[in-house]
Amino acid sequence: MEAERLIALGRHALAESGTAQDIVAEAWQAQALAQAIGSHLALCGPLELRGEARGLSETGEYPAWGAGGPRAGRLTEVADPCGALTALGELLGEVGIALVGVACATDEEGLYWQCIEAIDAADEASDRVRGMLRRLAVRDGERARPPDPARGRAGPGRGPSW
């Protein structure tokens, strides 16, 4: 399944989460998806992203999955890296906000620390995603820039060659 479609499923599932445990579970689903997208881009993505994508693939340690495994296991392609990373960044932001709400509302210490751990993982993944988006923006900016007619001519500090 394409990355942006999986991200949309994750956003919907997070929005539909009815309990604090559901929110925490969806946070780890989002983290698994971030790792899967990072792994995919590290192998098949633009060269500019491969190092940072490798780092994204290693963010966070989520709990053991049940028989169904993470939704991210269905990832087959990242057709538009910029679009997928933008959507992933939005999902991770929503996850962080939801987790802060759960952490602030709970009196259960175990759940609180689960939220803090998941917030840290989402924050680290968000940092990686922003870094990759910056790299893409730089790459695309360089491609969009018209050729510099002065390249190959006398540089600054050099007079004209008569």
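Student: Among contacts between residues at least 6 apart in sequence, what percentage join residues at least 24 apart?
Tutor: In this predicted model, the share is 80% of such contacts in the protein chain.

Student: And how many helices and strands does the chain have?
Tutor: The protein chain has five helices and zero strands. In sequence order the pattern reads α-α-α-α-α.

Student: What percentage of the residues is buried?
Tutor: Of the 162 residues in the protein chain, 40% are buried. The accessible surface is about 9300 Å², and carbon and sulfur atoms account for 53% of that area.

Student: How many residues are in the largest nonpolar core?
Tutor: That core has 41 residues. Those with the most contacts inside it are Ile37, Leu85, Leu88, Leu91, Val95 and Leu99.

Student: Changing topic, how many aromatic pairs are found?
Tutor: A search of the whole structure gives one aromatic pair. The partners are Tyr112 and Trp113, with ring centres 5.0 Å apart.

Student: Why is that pair edge-to-face?
Tutor: The planes of the two rings stand at 85°, and planes over 60 degrees apart count as edge-to-face. The pair of Tyr112 and Trp113 is therefore edge-to-face.

Student: What is the relative accessible area of Tyr112?
Tutor: Tyr112 has a relative accessible area of 33%, so this residue is partly exposed. Trp113 also counts as partly exposed, at 48% relative accessibility.

Student: Last topic: how many disulfides are found?
Tutor: The search of the whole structure finds zero disulfides.

Student: What about Cys44, buried or exposed?
Tutor: Cys44 is exposed, since its relative accessible area is 53% and the cut-off for exposed is over 50%.

Student: And what does Cys82 count as?
Tutor: Cys82 has 36% relative accessibility and therefore counts as partly exposed.

Note on methods
Residues are numbered from 1 along each chain as its sequence is written. This is a predicted model: local features need pLDDT of at least 70, side-chain atom pairs count only at pLDDT 80 or more; totals for chains, interfaces and linings use all residues. Side-chain values use heavy atoms; hydrogens and water are left out. Helices (H or I, at least four residues) and strands (E, at least two) are DSSP runs, numbered from the N terminus. Buried means under 20% relative accessible area, exposed over 50%, partly exposed in between (1.4 Å probe, protein chains only). Contact means heavy atoms within 4.5 Å. Accessible areas come from the Shrake-Rupley method with a 1.4 Å probe; for residues, only the protein chains shown count as cover. A nonpolar core is a set of buried Ala, Val, Leu, Ile, Met, Phe, Trp, Tyr and Cys residues joined through side-chain atoms within 4.5 Å. Rings of Phe, Tyr and Trp (its six-membered ring) pair if their centres lie within 6.5 Å; planes under 30 degrees apart count as stacked, over 60 as edge-to-face and the rest as tilted. A disulfide is a pair of cysteine sulfur atoms within 2.5 Å.
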